[in-house]
Amino acid sequence: MGNWIINHGLESFILVVWMGINIFLFVRFYLFYDSGPQFFYTRQLLGSALAWARAPAAVLNFNCMLILLPVCRNLLSLLRGSFVCCGRTMRKQLDKNLTFHKLVAYMIALMTAVHTVAHLLNVEWYINSRHGRYGPLPGNLSMLEDDDDDDHHTTFLNPVQSDSTTPTIFAFTTIAGLTGVVITLALILMITSSMEVIRRSYFEVFWYTHHLFIIFFAGLVFHGAGRIVRGQVSTDPPHNTTLCKDHPDKWGKISECPIPQFAGGFPQTWMWVIGPMVIYICERLLRFIRYLQAVRYKKIVMHPSRVLELQLVKSGFKMDVGQYVFLNCPEISQLEWHPFTMTSAPEEEFFTIHIRQAGDWTEKLIKMVENLPEGSQGPKIGVDGPFGTASEDVFDYEVSMLVGAGIGVTPFASILKSIWYKFKDSNPKLRTRKIYFYWLCRETHAFEWFADLLQVLEKEMDERGLKDFLTYKLFLTGWDHTHAAHVMVHFDKDTDVITGLKQKTHYGRPNWDKEFEQVRQENPSSVVGTFLCGPAALAKVLEKKCVKYSDVDPRKTKFYFNKENF
């Protein structure tokens, strides 16, 4: 339990608070509409479906307020910088922004389903009450008409004012019904296109349908304007519900029973979402301004394994290690932006991005670059960022474990380059005293573009007598018999046959228990930051190892897990 608290305590506390607020809002508004005296007559028409419709609406307001905030990248970067004084644990929560975004989306989907089903029942019961199928009281309440002499139109209770109204007509002829249909359809399209299989295989579908959030929020703001759920308002003289509910024939004929008057509640959704909407609009404006800023190519290199290296220059651009940017190429798509981690160091005068072919957009970009005339500039490109990630904190730890899988090595290329510059300049601020680097690849070609950097670092560490500062292990997870035979022939060489490094390549996957135990033994009283840029399956494994090998005793080794999220 102690190890679990070290890695997940604050995260779990935040989730408990969020869930607690959701439960509180649901219960509070359910009881308000289920027992509130102003809704006594409304419950005669709708029964318990009234409370089941209004309680989810309160939860929806809260979560629709939250849903945009985790995707405001500039806001998160600002908060990340502001939380420097609050410690790494607080900043680490900002790296789980997309996870929280998904949780909020799931809650919105669930509450929308409950809200929609309850209101479908409400419409049916409104219509049945209008036809007198539930007895004299609901029938009399449904026959109350709007008072034309009343400027506030507070007389009627049942919004179905015609005997010919059907649920379909009601859905498409009222503000609440029409906006409800639009909101629900937009939400269904956004959620279904966000499934992992669609997002991975058809990113463009996910990208475009997700922008239906504009229609979703527009419909949300106007949804309550119809005021179809109405409550009783005060009259002079007051309407005695206890006496009058059994004598609807006497309404308006005796002083104790004036005709009851009703009003719809003031629309509140816009008050919940207006703040986040303004923040998000400012976010998009800032992105657009950055898009207009010119970007110049310094160098374009095509590496093996279809990896494209772009060295770019942009006026006023400043970065930190492990940060990422969003790229847009108007010649491919005006609207699509894709995230890429920078592989350059902050000390360099340009920033570098390595792009692996992994979809339609990257395939088109690589083909465009391959077909460029010799010495020409690449296609026009827009850059938004940089944005912070977990890897920014790597130098806040005494010991760091860096784990990259495939192209996931990119943030660690930036870190290792920065280390090289810091040693070169004898930077006294370097707090880190030990780095363990693990890179897992399926193909031998994938090592080639990164091996040069490791060779430089290896040589630098040897010259300065710092061989123990950087321990790196490269793991080849896929090979054939021909390759194995080639390795056996050259086994006695001083350098590796694949990378040319002194450190030999390992074959197969790491034994993480062995690796964590080694790090713990070599650093018996250190705080170890474990950083991953790779698949979710590997993240689960490393997260469990961090919990398993952390010690509750503050004088002993503790592992903190950090994962790149885009």
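## Two cis peptide bonds

P237 sits in the loop between β1 (230-233) and α13 (241-244). In this predicted model, the peptide bond leading from D236 into P237 is cis, with omega near 5°.

There is another cis peptide bond to look at, and it joins G385 and P386, with omega about 10°. Where does P386 lie? Its place is in strand β8, which covers residues 382-387.

## The chain as a whole

Stepping back, the protein chain has 20 helices and 14 strands. Of its 566 residues, 49% count as buried.

Contacts across the sequence are worth a look too. Taking contacts between residues at least 6 apart in sequence, 74% join residues at least 24 apart.

## Helix α14 and helix α12

Helix α14 spans residues 269-292, and helix α12 spans residues 213-223. Their axes come within 10 Å and cross at roughly 150°. Because angles over 145 degrees count as roughly antiparallel, α12 is roughly antiparallel to α14. The crossing of these two helices, α12 and α14, is left-handed.

Which residues make the contact between α12 and α14? On the α12 side they are F213, F217, L220 and V221. On the α14 side they are T269, W270, V273, M277, Y280 and R284. By type, the residues of this contact of α12 with α14 divide into 8 nonpolar, 1 polar and 1 charged.

## Helix α14 and helix α3

Helix α14 also packs with helix α3, which covers residues 49-66. Here the angle is about 10° and the axes are 8 Å apart. Since angles under 35 degrees count as roughly parallel, α3 is roughly parallel to α14.

From α3, the residues N61, F62, C64 and M65 take part in the contact. They meet T269, W272, V273 and P276 in α14. The residues in this contact of α3 with α14 divide into 6 nonpolar, 2 polar and no charged.

## A look at N61

Is N61 buried or exposed? N61 has a relative accessible area of 12%, and because the cut-off for buried is under 20%, N61 counts as buried.

## Aromatic pairs

Now to the aromatic rings. How many aromatic pairs does the model hold? The count comes to 25 aromatic pairs. One of them is formed by F516 and Y549, and this pair is stacked, with 5.9 Å centre to centre and 25° between the planes. The F516 and Y549 pair links distant parts of the chain, 33 residues apart. F516 lies in helix α19 (residues 512-522), while Y549 lies in helix α20 (residues 536-549).

F516 and Y549 are both buried. They also belong to one aromatic cluster, along with Y438, W512 and F559.

Note on methods: Residues numbered from 1 in each chain as written. Predicted model: local features only at pLDDT ≥ 70, side-chain atom pairs only at ≥ 80, totals over all residues. Heavy atoms only, no water. Axes fitted to C-alpha atoms, helices over the stretch in contact; angles between N-to-C directions. Helix = DSSP H or I, 4+ residues; strand = E, 2+ residues; numbered from the N terminus. Parallel < 35°, antiparallel > 145°, perpendicular 65-115°, else oblique. Left-handed = near helix turned anticlockwise from the far one by under 90°. Contact = heavy atoms within 4.5 Å. Nonpolar A, V, L, I, M, F, W, Y, C, P; charged D, E, K, R; others polar. Buried < 20%, exposed > 50% of the residue type's maximum accessible area, 1.4 Å probe, protein only. Phe/Tyr/Trp six-rings, centres within 6.5 Å; stacked < 30°, edge-to-face > 60°.
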